[in-house]
Amino acid sequence: MTTVLDALNSALHQAFADDERVYLIGQDLLDPYGGAFKVSKGLSSAYPERVITTPVSEAGLTGIAAGMALRGLRPVVEIMFGDFVALIADQLVNHIAKFRWMYNNQVRVPLVVRTPMGGRRGYGPTHSQTLEKIYLGVPGLRVLAACTLQAEGTNSQPAGPGELLYHAILRDDDPVLFIENKLLYTAAIQNRESMAEFTIQAIPVRESSNRVRALVTEDYAPTYTLNIQGAPSPHMTLAAYGYMAELAREALARLAYEHEIFGELVVPTQLAPPRAEAIVASARRTGRLLVIEEGSLTLGWGAEIAAQACEALGPELKCVRRLAGRDLPVPASPPLEAWVLPGVDEIVQLAKSMV
Amino acid sequence: MAREYEVLYRSMYRIRCFEETVLDNFRRGLFSGTTHTYIGQEANAVGVLSNLLENDIVFSNHRGHGHYLAYGGDLRALFAELMGRASGVCGGRGGSQHLHYKNFYSNGVQGGILPIATGMALAEKFKGSGAVTVVFLGDGTLGEGVVYEALNMAALWGAPILFVLENNRIAQTTPIELAVAGNIPARFTAFGIPNRELDSSDVLEITPLAKACLEEVRKSSTPRGLTLHTFRFGPHSKGDDSRPVEVIERLRRERDPLMIHASRLPAAARKQIEAEVEVEVMTAFQQAQADPYPTPSEGTQRAEAEAKSIV
């Protein structure tokens, strides 16, 4: 079994092997520890001169990576917990995301900030958040989210999470915030072979949209669609990313086998700038859209996707709902945490109420 | 030597003349946005940057016109940038505080500049280019915590960078006594970064001191600090100087880098330089005024399209 952790770790090793401009900078990276979640394991042994373990200085080390990127290197930043992205806000918003545009396209800032997000491990309010929503809608910053899915698309589109990370590091000339939900690390990569009960398809990145979006390196992040094998045509679209896509996949099966409600699950890997095409296209076919995320409900990713679907489809969209974390801090106590974060039961219940 | 004196004077006078043109014409509505002028501090930029080699990097801040011009930036492009014209340094996108030209960079948010400049210095070290980085900060920026993260990492990893702290003793309207505790050089030496300190507006004192610092940075490939105690004669921005007029007048009498250095030049040579620079600045100013504004170009529209999703 290959886990998402394996895939990400291999991708980093491959990027280091393929291009000596790749550096890794972050806290507690050195072997044998290899980073708090072990994504960086083995790199400091193989490439000691290109792995920089730092003091507890998130803003400073992110700034250092920005300077390295401006001068032609391809740094990867590891922020130990996603909650700490609050500490790098000035670097991301006022420096990294700005340079290319405000310098009139004279520079590029090719860096990737990787960070684990999410709860369900009892770490409490400041180590369990899904904070990427505060970085959605920052012009010049691409936000990607890994998931377990892997499927070959057209051209050289990345197939799974490892390929996506590799592509962000070496093929994207602009800054990327790369979100890794903690529970994905131990989850297995899912593809056609491993998911007997589903069909999976990688939606090709549309060439036509790339032409008008040339300010930022062209789109490459895949969107996947999942359907129940042999099911009738779906009458509901579920949209989810990251680890929520795992829970939504479980809910999709339960809805089909226990309630005869057939849905199509759409899983984007790019959150910002939002790429709603595949979700909207699916909702156009099904007439119903349920958007699911682990982050808090209000003003989140789901709100943007729902708004875009409403604008595009108008009355064609019979029903649209959002399911997300409650607008509360994430508690440490397991039952409280489970109450705050959305789970499979909530997805099934809400989906049932929509038909 | 006389030739070198003239070069320094010309460079400082060009900055002075540029900044005065900006302030005068802001009042007439010929510039847009905001500006932070360098009047009174010219000897710092000229003194430090006259020691640069071609591939060296400069990272500047909100008060960066003097740094940009001393680096060799074009007058017309800077005027045009401040007027929001297409011919500006960054096509009018950046304005006064956001400049990039060759190896010169600036940004208008304080503090965050320091780790970026440190990262640039490290990148050049990793690449083995031999280039060093100069970053300018003011006393006000000492209030930003990320400054100390940058100093720590620059020292830990031996970044070839010179931190030039221009202490003009006032941050916007807040005097240093209300903002900076302890002593400034100790902020460098606490991290093991040797610091040199000078309280002077004389370009002939600043230049050799900066030269010594830069030689050390180059030779040792480690960071150095240079604390220059200085004064700005103009407002923080345009009309927001809260200091008494008499104080400014006294500073102009005692600490004007142009007056100090002018006395070393024969009157005729000085006047000729001034006349030439005035023509140069006025010509650039008039050319920039005639330059077209940018239109929401393909690039701008692409950026907007990028921010939205085209369904």
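A:R285 is exposed in this predicted model, with a relative accessible area of 57%. Its side chain meets that of A:E264 in a salt bridge, at 2.6 Å from N to O. This pair ties together distant parts of the chain: A:R285 sits in helix α9 of chain A and A:E264 in strand β10 (residues 264-268), 21 residues apart. A:E264, with a relative accessible area of 6%, is buried.

In chain B, B:D202 pairs with B:R264, and their closest N and O atoms are 2.5 Å apart. Here too distant parts of the chain are linked: B:D202 lies in the loop between β8 (195-199) and α8 (203-220), B:R264 in the loop between α10 and α11 (267-290), 62 residues apart. B:D202 is buried at 8% relative accessible area, while B:R264 counts as partly exposed at 30%. Another bridge joins B:R243 to B:D241, with 2.9 Å between the closest N and O atoms. Of these two, B:R243 is buried at 17% and B:D241 is partly exposed at 27%. Back in chain A, salt bridges with shared partners connect A:R142, A:D172, A:D219 and A:R275 into one network.

Let's move on to where the chains meet. Chain A and chain B bury about 3,700 Å² between them, 64% of it on carbon and sulfur atoms. A:I64, A:R71 and A:W101 supply 20% of the area that chain A buries against chain B, more than any other three residues. One salt bridge is counted between the two chains: A:R71 with B:E124, at 2.8 Å between the closest N and O atoms. On the side of chain A that touches chain B, α3(A) gives the most, with 10 residues. By class, that side has 25 nonpolar, 13 polar and eight charged residues.

Now for a histidine in chain B. B:H261 is found in helix α10 (residues 257-262), and is buried with a relative accessible area of 0%. A polar atom of the B:H261 side chain lies 2.9 Å from the backbone oxygen of B:Y5. Beyond neighbours within four places in sequence, B:H261 is in contact with B:Y5, B:L8, B:Y9, B:M12, B:V203 and B:L204.

Finally, a word on confidence. The mean pLDDT of chain A is 95, with 97% of its residues reaching 70 or more. Over residues 208-215 of chain A, however, the pLDDT is below 50, and this stretch has 25 contacts in the model beyond near neighbours in sequence.

Terms used: Residues are numbered from 1 along each chain as its sequence is written. Chains are lettered from A and ligands numbered from 1 in the order in which they are written. This is a predicted model: local features need pLDDT of at least 70, side-chain atom pairs count only at pLDDT 80 or more; totals for chains, interfaces and linings use all residues. Side-chain values use heavy atoms; hydrogens and water are left out. Helices (H or I, at least four residues) and strands (E, at least two) are DSSP runs, numbered from the N terminus. Buried means under 20% relative accessible area, exposed over 50%, partly exposed in between (1.4 Å probe, protein chains only). A polar contact is a pair of N or O atoms within 3.5 Å; within protein, one must be able to donate a hydrogen and the other to accept it, and residues adjacent in sequence count only if both atoms are side-chain atoms. Contact means heavy atoms within 4.5 Å. pLDDT is the predictor's confidence in each residue, from 0 to 100. Buried area is the accessible area (1.4 Å probe) that two parts lose on being put together, summed over both. A salt bridge is a side-chain nitrogen of Lys or Arg within 4 Å of a carboxyl oxygen of Asp or Glu. Ala, Val, Leu, Ile, Met, Phe, Trp, Tyr, Cys and Pro count as nonpolar, Asp, Glu, Lys and Arg as charged, and the others, Gly among them, as polar.
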